[in-house]
Structure formats: C-alpha cells, structure tokens
Amino acid sequence: MEKITTAPYHINTTDVSHANGSLYDKYAELEQSVKIISLVVYCLAFVLGVLGNGVVIWVTGFKMKKTVNTVWFLNLAVADFLYTAFLPLSVTFIFWNLHWPFGKFMCKLHYVIIFLNMFASVFILMMISVDRCVSVVWPVWAQNHRSVRKASCVSLGVWVLALILSTPGVIFRNTEPSSNNDKIINCLTNYALSDNETLSVIQLRKEAITNTRFLLGFVVPFTVIVSCYAVIIHRIRRNRTLASQSSRPFKIIAAVITTFFLCWAPFHIMKLMMVNFRSTYDSETLHLVTTIGYPLASSLAFLNSGLNPLLYVFMGQDFKDRVHKSILKVLENAFQEEVSHSHTNKTSTVISKSKDKSVSDTVV
C-alpha cells in the first residue's frame, strides 16, 4: 500500500530511495529554514486573509446594495476566508513536526477546504473575467440581461462544481500513526482503495487526480482569463474613445494575469513533478527542487487567498485615494456597479459610455 504525505512543506521519506537517505541529512538545515519560512507565510496569510476577506464579506454582504459585482466578490471573499480560517491547523501541523492532533474528520475536512478554496476562487475569477468581457463587447446587452439572480445562480454552480472536484480529499485523506513513532499521528493521502491493489494502479489513480486538478484548476481557467482580457484589449484598441484611457486598464490586466500565473503555476508544476516523475526521485537535483521548491510554491499559492482582497479590490484605486478614504468607501468604489450617466437618446453614445465604464470598472 502506497502512502504519500501531501503537506506543502514535507516529502515523505518513502518517496525517496533508501540509497539516497543521506540527502535528508545533507539538506536538513535547508529544510528547517523552509519550514520556518512556511510558518511565517502561513501566519501572514492567516492575518491578511481573515481580516481582509472578513472586511470584504462585511461590506459586500451587509453594507452595500446587491449587484452583480458584489455577488462575485462576496463569493470570492467567502472562499478565501474559509481557507485562511483553517490555516492555524496547518501552522500547528508544521510546528509539531507533522503531528496531527485534530482527528480524522478534521484531517479530511481541512484537505477538502484547501482544494475547495482553490477551485472556487479560480472559477469565480474566471466568471469575473467573462463578465467583464461581456460588458465590454456587448455593453447594451449586458445592461439589459446582467442580474443579481443570474450571478447568484452561477456562483452556486461554481460552489457545487468545486465541491465535487474536492471530494477526493474525503476518500483518500486519512490519519495514521507515523512509522517512526506511534505517538505521532500523520494526516496523509493514501491513494489505495484496498490492500490488494498493485502499485501501478495506485500510481495511475494518483496521476489522474493530480492531472485533473492541473487542467481544471489552472489550465482551463487561465486560458479563459487570458482570452477574455485579450478580447478586452482588442476592443480598447479599436475604440478611439477608449484608446486614450487604455494605459491603466492594460496595467491592471497585465497585473492580474501575471499574479494569477505566478501564484499558481509553481504549485501545479511541483505537484506534477512529484507525481509524474516519482521514479526519478533518486536524482539529487530533483529531490532538492521538490524538497525546497514545493513548500515555497505552496506557500505562494496559499498566500494568494490573503492577497486577493488587495489584488482584486484595492488595485484599481489611486494610492492617494486609498490613503484618504475609509475602507468602506474604497470597497464601495471598487465594487460600484457601472451606471450610465446619460439617457439612451443616441445608441452610439450609450454604447461608447457603457464600454468606457465597463473597462474603467474592471477590477480583474
């Protein structure tokens, strides 16, 4: 039966050949440094995530009139808040050298929350991008058909899909005593469904789950996001009215795409390396990359939940305005639904102003 620990700061010794066991002694000090970095990043993500996303939930859920924009950002904040609220469990797990004192149920729930957050956040960001694209390409249609009810239904569908894709955590996550010390309980992933399964079947299942997460949790959303903003950029260049104001939207679009890619690409790449190239773990170079690179990549990806309130809310605000305005006013301006400032006397005027407001209101 194969067991693999998927904690973002540790690689199980069963994944490395005994012939190279000395690698752990060689890089013990380096691993300890990475462990400390992980603890610091997780604590930072917890503070930023709980406070930042808590404020977003409070403002969008209770202080503002419901609009399509507030529905998107409320759901995004809930996903990130839910994950960051569970980060103290990860901090405890790391601090106690991979001892899990919270029981089997919390082991499974914590793992499900991690991937529920990943899928829900990425899918919501994808929906925001599609919504922004539609508002730019078909502004009149968007004004007539975009509604809070439709946005809420789409958000519900996102949560259901994210939950379905997170169910492997319920099936394969479990707690077992450490092979080195019975008093230490590990929260680990065991991809075997029975004791009679061969290693090849287990490996195939593990690769299928990992590759599916990579495709649905990164490749597809990233492709959609890039495509949407490519269309937005194309529309801006074709419209003379918007061309003079395109500098700021270009910067925001570039920042969003770059941030999304940098936060999640390393995490997925490391996971693919660990699963699909397991047979080459006797390579010292690959062992060093996965031992050091994977914890750092995971910390970066999970820190994204704490940074989202800054990246997707405050990024569109002028720095001086952020300093002088209250948090409530900043969030209200960031989430403010685009409103036409003129009557629909002339269709061309309506379209031009609608496109202008759609782009300037783009948060992601």
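The model discussed here is predicted.

Visitor: How many helices does the chain have?
Guide: The chain is described by its helices and strands. Its strands number two. The count of helices is 15.

Visitor: What percentage of the residues in the chain is buried?
Guide: A residue counts as buried when its relative accessible area is under 20%. The chain has 364 residues. Of these, the buried share is 50%.

Visitor: Among contacts between residues at least 6 apart in sequence, what percentage joins residues at least 24 apart?
Guide: A contact here requires heavy atoms within 4.5 Å. Of the contacts between residues at least 6 apart in sequence, the share that joins residues at least 24 apart is 77%.

Visitor: Which residues does W264 contact, leaving aside its neighbours within four places in sequence?
Guide: Once the neighbours within four places in sequence are left aside, the contacts of W264 are M118, V122, F218, A301 and N304.

Visitor: Which elements are included in what covers the buried residues of α4?
Guide: The buried residues of α4 are L87, L89, S90, V91, F93 and I94. The helix α4 is followed by N97, which has a positive phi near 55 degrees. The cover over the buried residues of α4 includes α2, α3, α5 and β2 (185-189).

Visitor: What is the volume of the second largest cavity?
Guide: Rolling a probe the size of a water molecule over the atoms shows where empty space is left. The structure holds five cavities of 30 Å³ or more. For the second largest cavity, the volume is about 70 Å³.

Visitor: Which element gives the most to the lining of the second largest cavity?
Guide: The lining consists of F115, T210, R213, F214, F267, H268, K271 and L272. These residues divide into four nonpolar, two polar and two charged. Two elements give two or more residues to the lining, namely α9 (199-238) and α11 (247-276). With four residues, the element that gives the most is α11.

Key: Residues are numbered from 1 along each chain as its sequence is written. This is a predicted model: local features need pLDDT of at least 70, side-chain atom pairs count only at pLDDT 80 or more; totals for chains, interfaces and linings use all residues. Side-chain values use heavy atoms; hydrogens and water are left out. On a 1 Å grid over the protein atoms alone, a cavity is a set of points where a 1.4 Å probe fits but cannot get out, and a pocket is an open set with protein on both sides within 12 Å along at least five of seven lines; lining residues have an atom within 4 Å of a point. Grid points are joined across faces, edges and corners, and a volume is the space filled by probe spheres set on the points. Ala, Val, Leu, Ile, Met, Phe, Trp, Tyr, Cys and Pro count as nonpolar, Asp, Glu, Lys and Arg as charged, and the others, Gly among them, as polar. Buried means under 20% relative accessible area, exposed over 50%, partly exposed in between (1.4 Å probe, protein chains only).
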